[in-house]
Amino acid sequence: MLQSITRYLNVQGVANRAPSIAWQSAPGTVEMGQVYSVSAQGSDPDGNLTQVNVWKNGQPFAFAGGGDGTNGNSGNQTSDGSPQTVIYTAQAVDVTGAVSELISFTVIVTAPPPPLLPALLPHPMSAAPASPACRRWRRRSPTRCSISAT
């Protein structure tokens, strides 16, 4: 006689792990009008990465898919037209909705340096003339000389 044996196997899946995120390109200080890049890389140990998102001052800046599921990048180039402080944030998301920590960094946009002025030299006629082209020195106006044919 055949006996039927039933066994139940309780399979418990591995709990989903949240993705992680890190900055790839994050300048600290740039000059006004300078083009710079900001990018982040998301990673998911479970291979379920679906999004890598970057915001600039709270506004969408670079949103990308999950790459190969394990690693994905998101970034853009930008420039800013005035001195300011810009805050970037980024977060990675996986297929189950698990999110990485929210990371951030600050870029300080500085004004360009003032133009360099030539060294302030004395006016070429402010001292007694030394060249033969200026033969007569006027007492009343020591900053000028007149050319004389004699």
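**Briefing: an all-strand predicted model**

Residues are numbered from 1 along each chain as its sequence is written, and side-chain values use heavy atoms, with hydrogens and water left out.

**Overall make-up**

- The protein has 10 strands and zero helices; strands (E, at least two residues) and helices (H or I, at least four) are DSSP runs numbered from the N terminus.
- Contact means heavy atoms within 4.5 Å; of the contacts in the protein with a separation of 6 or more, 54% are between residues 24 or more positions apart.

- An open sheet is formed by five strands in the order S2-S8-S7-S4-S5, with mixed pairing; two strands pair if DSSP finds at least two bridges between them.
- Strand S2 (29–31) and strand S5 (59–65) each have a single partner strand and stand at the edges, so one side of each lacks a neighbour in the sheet.
- From one strand to the next, the twist averages 25°, with axes taken as lines fitted to C-alpha atoms (for helices over the stretch in contact) and angles running from 0 to 180 degrees between N-to-C directions.
- Strand S4 (residues 49–56) and S5 run antiparallel and are joined by six bridges; Gln51 has Gly65 in S5 as its bridge partner.

**Ala40**

- Ala40 lies in strand S3 (residues 36–43) and counts as buried because its relative accessibility is 0%.
- Beyond its neighbours within four places in sequence, Ala40 has contacts that include Trp23, Val52, Val54 and Ala90.
- Asn73 is also in contact with Ala40; the two are 33 residues apart in sequence and 5.8 Å apart in space, C-alpha to C-alpha.

**Thr78**

- Thr78 belongs to strand S6 (residues 71–78) and is buried, at a relative accessible area of 13%.
- The side chains of Thr78 and Lys56 are joined by a polar contact of 2.9 Å; a polar contact is a pair of N or O atoms within 3.5 Å, and within protein one must be able to donate a hydrogen and the other to accept it, with residues adjacent in sequence counting only if both atoms are side-chain atoms.
- Leaving aside neighbours within four places in sequence, residues in contact with Thr78 include Tyr36, Phe61 and Tyr88.

Conventions:
This is a predicted model: local features need pLDDT of at least 70, side-chain atom pairs count only at pLDDT 80 or more; totals for chains, interfaces and linings use all residues. Buried means under 20% relative accessible area, exposed over 50%, partly exposed in between (1.4 Å probe, protein chains only).
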